[in-house]
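Subject: Structure for your review

Dear colleague,

Please find below the structure that I am handing over to you.

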Amino acid sequence: MDIEPQRHLTPQELADRLSVPLSSVYGWRARHTGPLGMRVGKHVRYRIEDVLAWEAQLVERAVA
């Protein structure tokens with residue numbers, strides 16, 4: 001069975017990617033307005049595919 005590894009971002013990596021404070025990422029998660037995140041034990045991770053889809057939605061809303 002071949003499994004292709006997927007990239008997962010930490011909250012800090014997501015904040016760095018978007019040049020926003022880490023508190024913004026946690027606020028989005030609490031308000032369910034940011035990219036879909038998942039818990040891995042006590043840690044939160046974001047699949048890069050979900051981050052890219054969320055970013056695309058932001059662009060669509062900005063140009064609509």
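Leaving out residues up to four places away in sequence, Asp50 touches Pro35 and Leu36; contact here means heavy atoms within 4.5 Å. Please note that this is a predicted model, in which local features need pLDDT of at least 70 and side-chain atom pairs count only at pLDDT 80 or more, while totals for chains, interfaces and linings use all residues. Residues are numbered from 1 along each chain as its sequence is written, and side-chain values use heavy atoms, with hydrogens and water left out.

Asp50 lies in helix α3. Helices (H or I, at least four residues) and strands (E, at least two) are DSSP runs, numbered from the N terminus. Asp50 counts as buried because its relative accessibility is 16%. The cut-offs are as follows: buried means under 20% relative accessible area, exposed means over 50%, and partly exposed lies in between, with a 1.4 Å probe and protein chains only.

How many salt bridges does the structure hold? There are 3 salt bridges, each defined as a side-chain nitrogen of Lys or Arg within 4 Å of a carboxyl oxygen of Asp or Glu. In general, side chains of opposite charge can pair when their charged atoms come close.

- Asp50 pairs with Arg47, and their closest N and O atoms are 3.0 Å apart. Arg47 is partly exposed, at 30% relative accessibility.
- Glu13 and Arg7 meet through their side chains at 3.3 Å, N to O. Glu13 is partly exposed at 30% relative accessibility, and Arg7 is partly exposed with a relative accessible area of 45%.
- Arg17 forms a salt bridge with Glu55, with 2.8 Å between the closest N and O atoms. Since Arg17 lies in helix α1 and Glu55 in helix α3, this pair ties together parts that are 38 residues apart in sequence. Arg17 is partly exposed, with a relative accessible area of 41%.

The nonpolar core

In soluble globular proteins, nonpolar side chains tend to be buried together. The term nonpolar core denotes a set of buried Ala, Val, Leu, Ile, Met, Phe, Trp, Tyr and Cys residues joined through side-chain atoms within 4.5 Å. The largest such core here has 10 residues in all: Leu9, Leu14, Ala15, Val25, Trp28, Val44, Tyr46, Ile48, Val51 and Trp54. Two or more residues each are given to this core by α1 (11-18), α2 (22-31), β3 (43-47) and α3 (48-63). Of these, α3 gives the most, with 3 residues.

Leu14, a member of this core, lies in helix α1. Leu14 counts as buried because its relative accessibility is 0%. Not counting residues up to four places away in sequence, Leu14 touches Leu9, Val25, Pro35, Tyr46 and Val51. Leu14 and Val51 are 37 residues apart in sequence, and their C-alpha atoms are 8.3 Å apart in space.

The aromatic pair

Rings of Phe, Tyr and Trp (its six-membered ring) pair if their centres lie within 6.5 Å; planes under 30 degrees apart count as stacked, over 60 as edge-to-face and the rest as tilted. By this rule there is 1 aromatic pair. Trp28 and Trp54 form this tilted pair, at 5.2 Å centre to centre and with 50° between the planes. Because Trp28 lies in helix α2 and Trp54 in helix α3, the pair ties together parts that are 26 residues apart in sequence. Both Trp28 and Trp54 are buried.

Helix α2

Which residues of α2 are buried? They are Val25, Gly27 and Trp28. Seen down the axis of α2, these residues fall within an arc of 165°, so they line one face of the helix; the arc is that of the directions from the helix axis to the C-beta atoms. The face turned away from the buried side carries the exposed residues Ser23 and Ala30. The cover over the buried residues of α2 includes α1, β3 and α3. Just after α2, His32 takes a positive phi of about 60°.

The sheet

Two strands pair if DSSP finds at least two bridges between them. An open sheet of 3 strands has the order β1-β3-β2, and its pairing is antiparallel. The edge strands β1 (8-9) and β2 (38-40) each pair on one side only. Between β1 and β3, which run antiparallel, there are 2 bridges. Leu9 has Tyr46 in β3 as its bridge partner.

Yours sincerely
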